[in-house]
Amino acid sequence: MKSFLNSNIGRLRLLAVLEGSSLLILLFFSMPWKQLYNITLLTSILGPIHGILFLLFVINTINLAIENNLKFKKTTWKILIACFIPFGTIYIDYKILKPLYEIHLRNIK
């Protein structure tokens, strides 16, 4: 796990799962509870956490793109758009980030 967090790709993969999960919780639990039952506690706690995770995801995506010379039109825009779509970051982790991470691991060894 420690080596996972030592690379930008590993950190971005973790952020992808955290950001995607927080968006799903907001959309499918927090917002319905707020609208249907007027329970705002979950939204008031999770909203800022999701916002921070979103910003960290965007910053780390740009950092990763610069570090690995990723082409914006081919890869980077897909990663950035994913954080606006439910399940998007989880899909991007599986399709783009995981293969990049595996290449990164092979280059280290």
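Analyst: For what follows, an axis is a line fitted to C-alpha atoms, for helices over the stretch in contact, and an angle between two axes is taken between their N-to-C directions, on a scale from 0 to 180 degrees. The model is a predicted one, and its secondary structure comes to five helices and zero strands, with the elements running α-α-α-α-α from the N terminus on. Taken along the principal axes, the C-alpha atoms fill a box of roughly 55 × 30 × 20 Å.

The part to examine is helix 2, which covers residues 8-37. Just after helix 2 comes Asn 38, which takes a positive phi of about 60°.

The partner is helix 3, made up of residues 41-67. Two packed helices are described by the angle between their axes and the distance between the axes. Here the axes of helix 2 and helix 3 come within 8 Å and cross at roughly 150°. Since angles over 145 degrees count as roughly antiparallel, helix 2 and helix 3 are therefore roughly antiparallel to each other. Their crossing is left-handed, and by class the contact of helix 2 with helix 3 has 18 nonpolar, nine polar and three charged residues.

Helix 3 also leads on to another part of the chain. A search of the whole structure finds one aromatic pair, formed by Phe 54 and Phe 84, whose ring centres are 5.4 Å apart and whose planes stand at 65°, so the pair is edge-to-face. Because Phe 54 lies in helix 3 and Phe 84 in the loop between helix 4 (72-82) and helix 5 (88-108), the pair ties together parts that are 30 residues apart in sequence.

Definitions and conventions
Residues numbered from 1 in each chain as written. Predicted model: local features only at pLDDT ≥ 70, side-chain atom pairs only at ≥ 80, totals over all residues. Heavy atoms only, no water. Helix = DSSP H or I, 4+ residues; strand = E, 2+ residues; numbered from the N terminus. Expected span 1.5 Å × (residues − 1). Parallel < 35°, antiparallel > 145°, perpendicular 65-115°, else oblique. Left-handed = near helix turned anticlockwise from the far one by under 90°. Nonpolar A, V, L, I, M, F, W, Y, C, P; charged D, E, K, R; others polar. Phe/Tyr/Trp six-rings, centres within 6.5 Å; stacked < 30°, edge-to-face > 60°.
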